[in-house]
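Let's walk through this one together, one question at a time. Have a look at the model first.

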Amino acid sequence: MTAARMGHRPILDKHRHLGDAAFWSAPESNNPHAVALKIVHERAGTGYKALLEAMDGNARDALLSTPERVQANARQARSLRDNTVSAINSAINSAEAERDAVGARAHRITIPADAYSQQLAAEVRGHLRSLKPADRVAFAEQAIADTDTLLLQAIASAPAALSGLPAEVRERARREVITLLAPEDSAAAAAIDKGLELCTRTRDRLLEHLGELFDPAHMGNPK
């Protein structure tokens, strides 16, 4: 980073923070993978803030803008790129595997457990197909409102085409029955999904900012 660039406030102001990616808004969860996502997200924000504060000091005081200080900034940036981003990627990969496992467990919850319930579910879907489209939706909406797990399983355990319901109504029934019968998995899935979204956005935003502040191919040689 040249002395002129170091002295220009706009380059720092442009990258003052990571934008909406900096705020953790995922639901709270005790799931260890959701917790790990929150930890690496906070670590990225803290590390980036520390880098900006160090660069800010250089920009404010020309006496601090020595080659050694500038190289120290580069080392901080390289650590963020190599270590923090690596930790985010690792947490994302683990959380994605956990989300798939939670999804598999949740899918099993939607299936009636015994032969009698499965036969009854098939009859419910047959009844739905005999109704007019608007009446089918009204039936499903009432089952959701009543939190009737038997009816919800009948709707959720088969493709929408077998009940004649719109896919979005079937999906609402599926989410509702999972929430009712597997609340911990439902909460974990919600926390992990949001955490994955936030961590992915933070990682991408962090790399984008570092790439504009420093040479991404040679982080030890700041622009």
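Q: Which residues in helix 6 meet which residues in helix 7?
A: First, a heads-up: this is a predicted model, where local features need pLDDT of at least 70, side-chain atom pairs count only at pLDDT 80 or more, and totals for chains, interfaces and linings use all residues. Residues are numbered from 1 along each chain as its sequence is written, and side-chain values use heavy atoms, with hydrogens and water left out. Helices are DSSP runs (H or I, at least four residues) numbered from the N terminus, and contact means heavy atoms within 4.5 Å. On the helix 6 side you'll find Phe139, Ala140, Ala143 and Ile144, and they meet Leu151, Leu152 and Ile155 in helix 7.

Q: How many residues of the contact of helix 6 with helix 7 are nonpolar?
A: Ala, Val, Leu, Ile, Met, Phe, Trp, Tyr, Cys and Pro count as nonpolar, Asp, Glu, Lys and Arg as charged, and the others, Gly among them, as polar. This contact has no polar and no charged residues, and the nonpolar ones number 7.

Q: What word describes how helix 6 and helix 7 lie to each other?
A: Helix 6 (residues 133-146) and helix 7 (residues 149-156) pack at about 130 degrees, with axes 8 Å apart. Axes are lines fitted to C-alpha atoms, for helices over the stretch in contact, and angles run from 0 to 180 degrees between N-to-C directions. Under 35 degrees is roughly parallel, over 145 roughly antiparallel, 65 to 115 roughly perpendicular and the rest oblique. So the word for helix 6 and helix 7 is oblique.

Q: Is threonine 147 buried, partly exposed or exposed?
A: Threonine 147 sits in the loop between helix 6 and helix 7, and has a positive phi of about 50 degrees although it is not a glycine. Buried means under 20% relative accessible area, exposed over 50%, partly exposed in between (1.4 Å probe, protein chains only). With a relative accessible area of 37%, threonine 147 is therefore partly exposed.

Q: How many charged residues are in the contact of helix 7 with helix 9?
A: Helix 7 and helix 9 (residues 167-181) pack at about 130 degrees, with axes 8 Å apart. Helix 7 brings Thr149, Leu152, Gln153, Ile155 and Ala156, while helix 9 brings Arg170, Ala173, Arg174, Glu176, Val177, Leu180 and Leu181. Sort them and you get 7 nonpolar, 2 polar and, for the charged ones, 3.

Notes. Helices (H or I, at least four residues) and strands (E, at least two) are DSSP runs, numbered from the N terminus.
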